[in-house]
Amino acid sequence: MKSAIIYYSFTGNTHRVAQLIGDVLRDKGDEVVPVRIRPLKEETHFLTQCKEAFLSKKPDLYRTLLELKDFDRIILGSPVWAFKPAPAINTYLDKGASLEGKKAICFVTYGSGAGKENTLRIMKKGLQAKGAEVIDTISFQQGEGPAECKEKIKAVLV
Ligand SMILES: Cc1cc2nc3c(=O)[nH]c(=O)nc-3n(C[C@H](O)[C@H](O)[C@H](O)COP(=O)(O)O)c2cc1C
């Protein structure tokens, strides 16, 4: 099984979870390609980040892997920003090629948890619109330890 882990991370929580997912999948013999996406102009001010996320903006991204036909499974990860995915995820879902016939999983990392279900719903809908079959979702609270995160990952992916 070959998986692509596509994710955006600003302060590193989603990146750490993406790495743990990669570790779990590699341990079971899967091939994993992590793809960290990033806007050309990355907003760094909290209120601007909230506004851009709330308005579902689609910032231009640094060149990234958009064609995923060589992968069996797509794992899409985002922090929750103002009850929604980070804007880079909107762009990825908009620009990415068809995911017809692919299995997909979405995950979020969050603070208080406000808006995490809405965020997963938007990500799921975006993947489904590309033809993917979303088989599961996982959410991780910031500060959750690696052991706890790995248990959640294994429950879904192993
Ligand atoms: C701009 C911004 C908006 C946020 N909005 C929410 C929110 O609506 N709900 C929530 O539970 N956490 C929210 N958070 C917390 C992040 O989702 C959480 O810290 C996440 O793990 C950050 O991921 P990262 O380190 O990969 O960037 C927000 C953080 C930022 C920076």
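Reply: Happy to, and bear in mind that this is a predicted model. By class, the residues around the ligand split into 10 nonpolar, 13 polar and 1 charged. That shell is made of 24 residues, and the closest to the ligand are Ser9, Asn13, Thr14, Pro79 and Gly111. As for where the shell comes from, at least two residues each are supplied by helix 1 (13–27), helix 2 (46–54), strand 3 (73–81) and strand 5 (103–110).

The largest nonpolar core has 42 residues, and the members touching the most other members are Ile74, Leu76, Ala104 and Cys106. Two or more core residues come from each of strand 1 (2–7), helix 1, strand 3, helix 3 (87–95), strand 5, helix 4 (116–129), strand 6 (133–141) and helix 5 (146–157). Strand 5 is the top contributor, with 6 residues in this core. As background, nonpolar side chains in soluble globular proteins tend to be buried together.

Setting aside neighbours within four places in sequence, Ala104 is in contact with Arg73, Ile74, Leu76, Leu99, Leu127, Ala132, Glu133, Val134 and Ile135.

Now for the pairing on the strand 5 side. Strand 5 and strand 6 run parallel, joined by 8 bridges, and Val108 has Ser139 in strand 6 as its bridge partner.

The loop between helix 4 and strand 6 holds Gly131. Gly131 has 13 other C-beta atoms within 10 Å, so it counts as partly exposed. Beyond four places in sequence, the contacts of Gly131 are Ser98, Leu99, Glu100 and Gly101. Cys149 is another matter: 18 residues along the chain from Gly131, with 28 Å between the two C-alpha atoms.

Strand 1 pairs with strand 2 (31–36) in the parallel sense over 6 bridges, and Lys2 stands opposite Glu31 in strand 2. The path from strand 1 through helix 1 to strand 2 is a right-handed β-α-β crossover. Helix 1, remember, also supplies at least two residues to the ligand shell.

Gly29 sits in the loop between helix 1 and strand 2. Gly29 counts as exposed because it has 7 C-beta neighbours inside 10 Å, and the cut-off for exposed is 12 or fewer. In sequence Gly29 and Lys2 are 27 residues apart, while their C-alpha atoms are 9.6 Å apart in space.

Most residues other than glycine have a negative phi. Ser56, in the loop between helix 2 and strand 3, has a positive phi near 55°. Ser56 counts as exposed because it has 12 C-beta neighbours inside 10 Å. Phe83, in the loop between strand 3 and strand 4 (84–85), also has a positive phi, near 70°. With 16 other C-beta atoms within 10 Å, Phe83 is partly exposed.

How values were computed. Residues are numbered from 1 along each chain as its sequence is written. This is a predicted model: local features need pLDDT of at least 70, side-chain atom pairs count only at pLDDT 80 or more; totals for chains, interfaces and linings use all residues. A residue is near a molecule or strand if its C-beta atom, placed from the backbone, lies within 6 Å of it. Helices (H or I, at least four residues) and strands (E, at least two) are DSSP runs, numbered from the N terminus. Ala, Val, Leu, Ile, Met, Phe, Trp, Tyr, Cys and Pro count as nonpolar, Asp, Glu, Lys and Arg as charged, and the others, Gly among them, as polar. A nonpolar core is a set of buried Ala, Val, Leu, Ile, Met, Phe, Trp, Tyr and Cys residues joined through C-beta atoms within 7 Å. A residue is buried if 20 or more other C-beta atoms lie within 10 Å of its own, exposed if 12 or fewer, and partly exposed in between; C-beta atoms are placed from the backbone. Two residues are in contact if their C-beta atoms, placed from the backbone, lie within 7 Å. Two strands pair if DSSP finds at least two bridges between them. A crossover is right-handed if, with the strands pointing away from the viewer, the path from the first strand over the helix to the second runs clockwise.
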